[in-house]
Amino acid sequence: MELGNARILLTGATGGLGGALAHELSAAGAELLLAARDMQKLGRLRDSLNTRAVIAQADLNSGDDIAALARTARDFEVNVLINNAGIGCFGLLEQQPWQDIERTLSTNLLTPIRLTQAMLPWLKAQPQAAIVNIGSAFGSIPFAGFAAYSAAKAGLRGFSQALRRELADTRVDVIHLAPRAIDTPLNSPAVNALNRALGNRSDTPEAAAKKIVEILRRGDRERHIGFPESLFAWLNGAMPRLVDQGLAGKLATIKKHASTP
Ligand SMILES: NC(=O)c1ccc[n+]([C@@H]2O[C@H](COP(=O)([O-])OP(=O)(O)OC[C@H]3O[C@@H](n4cnc5c(N)ncnc54)[C@H](OP(=O)(O)O)[C@@H]3O)[C@@H](O)[C@H]2O)c1
């Protein structure tokens, strides 16, 4: 992907990964339409960038806000949509309020599908366009304690692959990138403690953003970010029973941290 000429709508721009991505993409020469709910944070981010950036307030769980954001994106002549906004949801399914599960599926899965649908006619009319969906390692290695989050991210992976195949006769690329844990506010203290207890590695937002931009430049369409997570993702597809057994050995630790208030 040629980022120097790109005009990118980046959702979740005020977050840990979003902010780092905005800086990397701006350094690559892209112009940015930055979206999130917190206008003050968006304004500070815009003022720290070197290329043209416009900010847009949108609660992506609102259909009206998605429609308005899609109109702003057309005015900005966006040719790359990065669906990055997301929320975490750690806990044991039977202890989680339904509202949390619904919000997780809505923000992490329905919202990117809805924004993509709203943007598609415009993107298809561009000489070159791309939709980039930020998934998670948990979309390919569904994890105990993250049932709703894993379901949403596995859904986003399926959506990305199906849409890529549906758009094969257009000039719109569909890219799905699945990072491992990143040190951002998305992870609660309980999740950070769990990662430490399990020895799960994490990346800084800057390192993850650098890797994402490198992959976009290279033109890969499907990538897991981080090793050994990429190997486990493959293993989970080929031999899920092995991953079942591996995770069964970690279940007591996961349950202990999931029950921490
Ligand atoms: N952190 C990790 O360990 C990790 C690992 C793999 C993948 N990911 C994925 O990376 C992406 C970015 O996550 P992050 O770690 O940067 O999280 P973060 O720091 O918590 O940022 C989340 C972003 O999403 C926005 N957002 C949340 N709900 C929204 C809503 N209803 N409407 C509009 N914007 C909303 C937030 O903005 P406002 O609150 O200002 O609206 C914020 O900009 C997510 O898709 C996440 O699933 C994260």
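The legends below describe close-up views of a predicted model.

**View 1**
Seven strands form an open sheet: 7 strands in the order β3-β2-β1-β4-β5-β6-β7, with parallel pairing. The edge positions are taken by β3 (53-57) and β7 (222-225); each has a single partner strand, so one side of each lacks a neighbour in the sheet. From one strand to the next, the twist averages 15°.

**View 1. Strands β4 and β5.**
Strand β4 (residues 80-83) pairs with strand β5 (residues 129-134) in the parallel sense, over 4 bridges. Opposite Leu-81 stands Ile-131 of β5. Asn-83 has Asn-133 in β5 as its bridge partner. Strand β5 is mostly covered, with 6 of its 6 residues buried. Ala-129, Ile-131 and Asn-133 point one way from the strand, while Ala-130, Val-132 and Ile-134 point the other way; all are buried.

Thr-116 belongs to helix α4 (residues 98-124). Its relative accessible area is 1%, so Thr-116 counts as buried, the cut-off being under 20%. Leaving aside residues up to four places away in sequence, Thr-116 touches Leu-81, Asn-83, Ile-131, Phe-159 and Leu-163. Thr-116 and Ile-131 are 15 residues apart along the chain, and their C-alpha atoms are separated by 7.5 Å.

**View 2. Helix α7 over the sheet.**
Helix α7 (residues 205-218) lies across β5, β6 (172-179) and β7. Relative to β7, the helix runs at about 160°. Strand β7 is one of the two edge strands of the sheet.

Side chains of opposite charge can pair when their charged atoms come close. A search of the whole structure finds 12 salt bridges. Lys-211, Glu-214, Arg-218, Asp-220 and Arg-223 are linked in a network of such bridges. Glu-214 and Arg-218 both lie in α7, 4 residues apart, or about one turn of the helix, and their side chains meet at 3.8 Å, N to O. Arg-218 also forms a salt bridge with Asp-220, at 3.3 Å, N to O. Asp-220 in turn meets Arg-223 at 3.0 Å, N to O. Which class of accessibility does Glu-214 fall into? At 39% relative accessibility, Glu-214 is partly exposed. Arg-218 is partly exposed as well, at 45%. For Asp-220 the relative accessible area is 23%, which counts as partly exposed, and for Arg-223 it is 25%, again partly exposed.

**View 3. A nonpolar surface patch.**
Phe-227, Leu-231, Trp-234, Met-239 and Leu-242 make a nonpolar surface patch of about 540 Å². One of these residues, Met-239, sits in the loop between α8 (229-238) and α9 (240-248). Met-239 has a relative accessible area of 38% and is therefore partly exposed. Patch residues need over 30% relative accessible area, and Met-239, at 38%, is one of the residues that make this patch.

Key: Residues numbered from 1 in each chain as written. Predicted model: local features only at pLDDT ≥ 70, side-chain atom pairs only at ≥ 80, totals over all residues. Heavy atoms only, no water. Patch = residues over 30% accessible without salt bridge, like charges linked within 9 Å, V, L, I, M, F, W, Y side chains within 5 Å. Areas by Shrake-Rupley, 256 points an atom, 1.4 Å probe, with all protein chains shown as cover. Salt bridge = Lys/Arg side-chain N within 4 Å of Asp/Glu carboxyl O. Buried < 20%, exposed > 50% of the residue type's maximum accessible area, 1.4 Å probe, protein only. Pairing = 2+ DSSP bridges. Axes fitted to C-alpha atoms, helices over the stretch in contact; angles between N-to-C directions. Contact = heavy atoms within 4.5 Å.
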